[in-house]
There are 2 protein chains.
Amino acid sequence: MPRVTYTELLHALVEALLRLGFEPARAELGARLFADTSRDGVHSHGVNRFPRFVRMIQSGRIDIAATPVRVGARGCLEWWDGRRGPGNLNAHASMERAIAMAREGGIGCVALANTNHWMRGGSYGWQAAEAGMMGVCWTNTLANLPPWGASEPLLGNNPLVVAVPRAGGHVVLDMAMSQFSYGALQAYRERGEPLPVPGGFDEQGRLTRDAAAIEKTQRTLPIGYWKGSGLALVLDLAAGLLSGGQFTRMIERDPEKETGLSQVFVAIDASSTGTAAATGVDQVIEEIAARTAAKGEHVRYPGQQVLKTREQSMRNGIPVSDATWEQIRGVGGGERQ
Amino acid sequence: MPRVTYTELLHALVEALLRLGFEPARAELGARLFADTSRDGVHSHGVNRFPRFVRMIQSGRIDIAATPVRVGARGCLEWWDGRRGPGNLNAHASMERAIAMAREGGIGCVALANTNHWMRGGSYGWQAAEAGMMGVCWTNTLANLPPWGASEPLLGNNPLVVAVPRAGGHVVLDMAMSQFSYGALQAYRERGEPLPVPGGFDEQGRLTRDAAAIEKTQRTLPIGYWKGSGLALVLDLAAGLLSGGQFTRMIERDPEKETGLSQVFVAIDASSTGTAAATGVDQVIEEIAARTAAKGEHVRYPGQQVLKTREQSMRNGIPVSDATWEQIRGVGGGERQ
């Protein structure tokens with residue numbers, strides 16, 4: 001696949017967003033969030049997702065001019081209306097606000113209703129960790145996951161992000177409640193590879209490692225079976241309850257029409273307990289690395305691979321298909337220059 | 001198994017704790033937490049766990065007189081020292097404090113260092129929900145779970161509790177990061193039943209449903225493989241970092257000596273967004289129940305079975321083995337009457 005430099009990609013995205021009518025500062029931030037995601041190797045939610053983002057702007061489901069407004073506040077808890085603005089800008093603003101609240105009050109929580117897909121959830125975990133905060137955030141989604149014991153998707157896969165700041169590389173977990181995303185299933189099918197572990201059910205209702213069979217039944221598997229099913233449910237309940245927004249059951253099931261999501265952003269000041277505690281975090285990571293490496297085992301902490309991929313992308317460029325590159329450059333009638 | 005009434009059990013536990021030297025109010029609360037857990041059907045962490053609790057008092061690892069003290073505070077975030085007091089009393093006090101903070105500031109977070117096993121984590125989720133709060137809490141534990149890709153237990157199974165209040169029955173998720181607890185593995189082995197899904201690795205390093213084989217290797221499986229492994233890690237990092245206390249790697253691996261745990265308790269006022277949001281929570285639960293029942297499928301929300309078991313226990317009594325009953329009545333030299 002052809003590679004473009006980070007700067008080229010960022011520039012092309014800024015230009016595309018400007019042509020769509022974004023204000024300059026919002027174009028810069030939105031472009032950076034997309035470019036950083038591809039740079040970090042999360043292609044499904046980086047520029048590969050950009051064409052759908054554009055289509056949803058063109059169909060009116062994303063309002064590029066809308067910024068979140070605070071609906072209510074109570075101490076360290078606030079609830080906001082995202083007004084169906086761009087999901088990544090709304091999410092970034094919400095975590096930024098949670099961080100500011102945590103600087104004041106130790107912890108800050110922003111519940112955001114009426115927003116759009118946040119693209120890569122991990123972005124807001126990195127954002128918190130880079131501000132020296134522990135970050136926790138989650139979103140609900142359209143229904144795409146059958147509860148354990150059911151055959152019909154009635155839950156979202158409701159990604160959860162937990163970030164812990166660390167001098168030697170932040171620990172950022174970004175996980176959906178399904179064992180594999182539809183994007184991952186597609187990739188295994190196209191490579192003709194079986195899934196490494198069962199990822200859902202086939203037409204006979206048996207657990208299977210055949211990605212195509214799962215795509216057919218739409219019966220993806222929650223992580224930990226009944227456990228991930230329960231966690232997906234409570235994340236949706238909490239997001240809707242705290243934000244006053246929609247629950248998964250109220251969200252349109254067509255990915256091109258998926259809007260009005262509910263999200264929660266929490267930042268916690270991680271510096272309160274001092275440097276010994278921060279050193280303790282390092283020691284946990286280092287000990288696991290050392291003890292498993294000594295046995296020839298490969299264990300990665302969440303976020304570790306991201307840093308490697310990031311470095312490679314900055315050195316060698318970011319893989320972007322010709323089709324995607326043309327789409328970005330053609331947005332809004334094509335380049336101005 | 002013989003059954004005792006809830007009142008008989010509570011009385012016997014209060015008397016036992018008084019004989020051990022607990023102050024009356026602390027004996028009442030401690031007894032209630034144990035009795036409620038057995039009443040709710042979580043036998044592994046109810047009275048079946050009481051004998052070990054007593055042994056750890058007698059060995060000096062639990063200090064029955066110690067109450068948590070606040071070490072620092074910053075707005076809606078506080079960190080406390082549990083001083084190795086009884087884990088259930090410390091946890092209850094911490095969630096109570098988080099609830100009080102949430103009443104003032106919308107959200108409250110208490111990070112607790114230097115505490116003991118909290119017994120049933122769900123207790124503190126129910127506590128928050130009964131106060132009209134969303135509750136989130138987690139604990140680290142001794143190392144009992146190999147990270148994904150490793151053969152040695154270097155992570156705790158670090159139970160996570162998420163509770164959402166609901167008029168028709170609170171939704172309370174209480175889940176460890178291992179697919180099955182050692183208590184569950186033992187129960188399957190004793191019944192001679194295979195696990196319903198793979199729960200760990202056998203001596204050949206293959207995933208297995210044979211409980212005995214997993215008990216032998218101690219290679220239990222994290223929920224969702226790499227995902228639960230990552231979540232267990234970040235929960236430990238967060239608990240140690242926010243509380244300033246121990247991480248899993250610093251905790252003695254013998255369950256009879258497991259002390260100095262770190263825990264986090266968060267309460268969030270769930271009433272801010274009003275009755276429509278609360279009704280929305282009901283509708284999610286009701287819709288999933290209705291749509292799956294219509295297909296003859298059995299889906300339970302987290303906490304649903306607890307309420308059924310609770311009702312049965314109050315009607316028919318709580319199963320307590322003769323041996324456990326004798327141990328409770330024999331604590332501290334036997335009954336006073």
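Reader: Hi! At what angle do helix α4 and helix α5 of chain A pack?

Author: Hello! In this predicted model, helix α4 (residues 87–105) and helix α5 (residues 122–130) of chain A pack at an angle of about 30 degrees. Their axes are 10 Å apart.

Reader: What do you call that arrangement, roughly parallel or roughly perpendicular?

Author: Angles under 35 degrees count as roughly parallel, so α4(A) and α5(A) are roughly parallel to each other. The crossing of α4(A) past α5(A) is right-handed.

Reader: Nice. Which residues make the contact?

Author: From α4(A) there are Ala91(A), His92(A), Met95(A) and Ile99(A). Facing them from α5(A) are Tyr124(A), Gln127(A) and Ala128(A). By class, the contact of α4(A) with α5(A) has 5 nonpolar and 2 polar residues, with no charged ones.

Reader: What about α2 and α4 in chain A, what angle do they pack at?

Author: Helix α2 (residues 24–39) of chain A packs against α4(A) at about 95 degrees, and their axes are 9 Å apart. Angles of 65 to 115 degrees count as roughly perpendicular, which is why α2(A) and α4(A) are described as roughly perpendicular to each other.

Reader: Which residues are in that one?

Author: α2(A) brings Arg26(A), Leu29(A), Gly30(A) and Leu33(A), while α4(A) brings Asn88(A), Leu89(A) and His92(A). They divide into 3 nonpolar, 3 polar and 1 charged. His92(A) also takes part in the contact with α5(A).

Reader: Switching to strands. What order do they come in within the sheet of chain A?

Author: There are 7 strands in an open sheet, and the order is β2-β3-β4-β10-β5-β6-β7, with mixed pairing.

Reader: How do β3 and β4 run, parallel or antiparallel?

Author: Parallel: strand β3 (residues 77–81) and strand β4 (residues 107–115) of chain A are joined by 5 bridges. Within that pair, Trp80(A) has Leu112(A) in β4(A) as its bridge partner.

Reader: Okay, domains. How is chain A divided?

Author: Domain 1 is 1–58 + 317–337, domain 2 is 65–178 + 222–272, and domain 3 is 179–215. Taken over C-alpha atoms, the centres of domain 2 and domain 3 of chain A are 27 Å apart.

Reader: What about the contact of chain A with chain B, how many residues does each chain give?

Author: Chain A gives 66 residues and chain B gives 65. On the side of chain A, α8(A) gives the most, with 13 residues.

Reader: Over to chain B, then. What is the strand order in its sheet?

Author: The 7 strands of this open sheet run β2-β3-β4-β10-β5-β6-β7 in chain B, and the pairing is mixed. At its edges, β2 (69–74) and β7 (171–175) of chain B each pair on one side only.

Reader: How do β6 and β7 run there, parallel or antiparallel?

Author: Antiparallel, with 5 bridges joining strand β6 (residues 160–164) of chain B to β7(B). In this pair, Val164(B) stands opposite Val171(B) of β7(B).

Reader: Last one: at what angle do α2 and α4 of chain B pack?

Author: Helix α2 (residues 24–39) and helix α4 (residues 87–105) of chain B pack at about 95 degrees, with axes 9 Å apart. That makes α2(B) roughly perpendicular to α4(B). The contact includes Arg26(B) of α2(B) and His92(B) of α4(B).

Conventions:
Residues numbered from 1 in each chain as written. Chains lettered and ligands numbered in written order. Predicted model: local features only at pLDDT ≥ 70, side-chain atom pairs only at ≥ 80, totals over all residues. Domains from an automatic or database assignment. Pairing = 2+ DSSP bridges. Helix = DSSP H or I, 4+ residues; strand = E, 2+ residues; numbered from the N terminus. Axes fitted to C-alpha atoms, helices over the stretch in contact; angles between N-to-C directions. Parallel < 35°, antiparallel > 145°, perpendicular 65-115°, else oblique. Left-handed = near helix turned anticlockwise from the far one by under 90°. Contact = placed C-beta atoms within 7 Å. Nonpolar A, V, L, I, M, F, W, Y, C, P; charged D, E, K, R; others polar.
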